[in-house]
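The following report describes selected elements of secondary structure and how they pack.

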Amino acid sequence: MTAGRDRIAPRALERLARAVAAEALGVRIADTAARVVDSAGAIAVRIQSPVAMPPLRDGTGIGAGTGLTVRLADAAADTRARLAELTGLEVTRVDVRATGAVITEKRVR
């Protein structure tokens, strides 16, 4: 008996990549775009999204104490690992491009 193959539609892969990246970046999925390229069973992903960052004067919160490049590299690594785990596909690379910043500030009234 030969093993079967599962196929995941490209649109479903892009939606999943958007969701995983949005979670890693701390932003809404609606603000995140993804492009997935299939190459012989492996995938490469390009993400465009804003990034959640704490106010400059704040030393706590998402991304506290880390620069933008570190946040983007961490989000790319997290997205790559999570996509591979969820899909069972080899994820060759994840490129993340910041389109803006979402300041995660809580206002006191």
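## Strand pairing

Strand β1 (residues 33–39) and β2 run antiparallel and are joined by seven bridges; two strands count as paired if DSSP finds at least two bridges between them. Strands (E, at least two residues) and helices (H or I, at least four) are DSSP runs, numbered from the N terminus. S39 has A42 in β2 as its bridge partner. Two residues lie between the strands of this hairpin, in which A40 adopts a positive phi near 55 degrees.

β2 also pairs with β3, here in the parallel sense, over twelve bridges. P50 has G100 in β3 as its bridge partner. Nine of the twelve residues of β2 are buried, so β2 is largely enclosed by the rest of the structure. Buried means under 20% relative accessible area, with exposed over 50% and partly exposed in between (1.4 Å probe, protein chains only).

## Helix α2

Helix α2 comprises 20 residues (68–87) and reaches 28 Å from its first C-alpha to its last, close to the expected 28 Å. The expected span is 1.5 Å times one less than the number of residues. After α2 comes G88, with a positive phi near 75 degrees.

The buried residues of α2 are R71, L72, A75, A76, T79, L83 and T87. They cover an arc of only 135 degrees around the axis, which puts them on the same side of α2; the arc is that of the directions from the helix axis to the C-beta atoms. Their cover includes α1 (10–25), β2 (42–53) and β3 (90–103), where contact means heavy atoms within 4.5 Å.

## Basis of the model

This is a predicted model, in which local features need pLDDT of at least 70 and side-chain atom pairs count only at pLDDT 80 or more, while totals for chains, interfaces and linings use all residues. Residues are numbered from 1 along each chain as its sequence is written, and side-chain values use heavy atoms, with hydrogens and water left out.
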